[in-house]
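Student: I have a sequence and a model on my screen. Can you show me how to read its features one at a time?

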Amino acid sequence: MSWACRARGPIPMAKNRNGGLRRFARGFRWAFCGIGRCIRSERNMRVHTVMALYVLVLSAFFPFTAGERALLWVCIGMVMAAETFNTAIEKLCDRFCPEHDERIGRVKDLAAGAVLLTALGALGAGISLFWRPQVLLSLWQNLCGQPLWGIAAAGALLLGLWFIRGKGFSEK
C-alpha cells in the first residue's frame with residue numbers, strides 16, 4: 001500500500017482486534033496528510049510554518065528555561081491548529097455552499113478571527129519571551145560583525161519567502 005496521501009473513502013472496521021494497531025497508525029498517516037495538504041494549499045499556513053521555524057532557530061540563542069521553551073511549542077501548536085481548523089471550516093463551507101452566502105461568510109470570518117486571536121496571543125508571548133535587549137544586541141552585533149551570519153540570515157529570509165510564495169504547491 002502506498003503511503004501517498006489521496007482521497008479516501010470510509011475506513012472499514014477490522015473484523016478482529018489484530019488490526020487495531022494498524023488502524024491507529026493509519027490515523028496518524030491521515031493526520032499528517034491533512035497537515036501537508038493544509039501547508040500545500042494555504043499560504044497563511046506556510047507563513048505560520050516559516051515563522052515557527054524562525055522562532056525555533058532564534059530561540060536557540062536565548063537562555064530560555066524548559067517552561068519557556070514549552071510555551072513556545074504550545075504557542076506554535078495552537079496557531080498551526082487554529083489555521084488548520086480555519087482551513088477545514090472554509091473548505092467545508094465552500095463544499096456545501098459554493099455560491100456567495102452572507103451567513104457562510106460570517107462563519108468564515110469567525111474562523112479567521114479565531115486564527116488572528118491565537119496568533120496575537122502567540123505574538124504577545126513571543127515578545128515577552130524574546131524581549132531581552134542584551135541578547136538581541138549581541139545577536140545584532142554578530143549579524144553585523146560576521147558576514148557569514150548576515151549571509152545565512154538573508155538566505156533564510158529568501159528561502160522562507162520562496163516557500164511562502166508556494167509556486168507549485170497549490171492544491172485548492
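Tutor: Start with one residue. Arg69 has a relative accessibility of 29%, so Arg69 counts as partly exposed. Buried means under 20% relative accessible area, exposed over 50%, and partly exposed in between, with a 1.4 Å probe and protein chains only. This is a predicted model: local features need pLDDT of at least 70, side-chain atom pairs count only at pLDDT 80 or more, and totals for chains, interfaces and linings use all residues. Residues are numbered from 1 along each chain as its sequence is written, and side-chain values use heavy atoms, with hydrogens and water left out.

Student: Where is Arg69 found? Which residues does Arg69 touch, leaving out those up to four places away in sequence?

Tutor: Contact means heavy atoms within 4.5 Å. Arg69 sits in helix H3. Not counting residues up to four places away in sequence, Arg69 touches Ser59, Ala60, Phe62 and Phe64. Leu56 is 13 residues from Arg69 in sequence, and their C-alpha atoms are 9.0 Å apart.

Student: How many helices and strands does the chain have?

Tutor: Helices (H or I, at least four residues) and strands (E, at least two) are DSSP runs, numbered from the N terminus. Here the count is six helices and zero strands. Along the sequence the pattern reads α-α-α-α-α-α. Buried residues are 24% of the 172 in the chain. Take contacts between residues at least 6 apart in sequence: 70% of them join residues at least 24 apart.

Student: At what angle do H3 and H4 pack?

Tutor: Axes are lines fitted to C-alpha atoms, for helices over the stretch in contact, and angles run from 0 to 180 degrees between N-to-C directions. Under 35 degrees is roughly parallel, over 145 roughly antiparallel, 65 to 115 roughly perpendicular, and the rest oblique. H3 (residues 66–96) and H4 (residues 102–130) pack at about 170°, with axes 9 Å apart. H3 and H4 are therefore roughly antiparallel. Their contact has 18 nonpolar, two polar and five charged residues. Ala, Val, Leu, Ile, Met, Phe, Trp, Tyr, Cys and Pro count as nonpolar, Asp, Glu, Lys and Arg as charged, and the others, Gly among them, as polar.

Student: And at what angle do H5 and H6 cross?

Tutor: The axes of H5 (residues 133–145) and H6 (residues 147–165) cross at roughly 100° and come within 5 Å. That makes H5 roughly perpendicular to H6. H5 brings Asn142, Leu143 and Gly145 to the contact, and H6 brings Pro147, Trp149, Gly150 and Ala153. By class, that is four nonpolar, three polar and no charged residues.

Student: How many salt bridges are there in the whole structure?

Tutor: Side chains of opposite charge can pair when their charged atoms come close. The cut-off: a side-chain nitrogen of Lys or Arg within 4 Å of a carboxyl oxygen of Asp or Glu. The search finds five salt bridges. One of them joins Lys91 and Glu42, at 3.7 Å from N to O. Lys91 lies in H3 and Glu42 in the loop between H1 (20–41) and H2 (43–59), so this pair ties together parts 49 residues apart in sequence.

Student: Is Glu42 buried or exposed?

Tutor: Glu42 is buried, at 11% relative accessible area. Lys91 is partly exposed, at 34%.

Student: Which residue pairs with Arg132?

Tutor: Glu68 does, at 3.0 Å from N to O. Arg132 lies in the loop between H4 and H5 and Glu68 in H3, so the pair ties together parts 64 residues apart in sequence.
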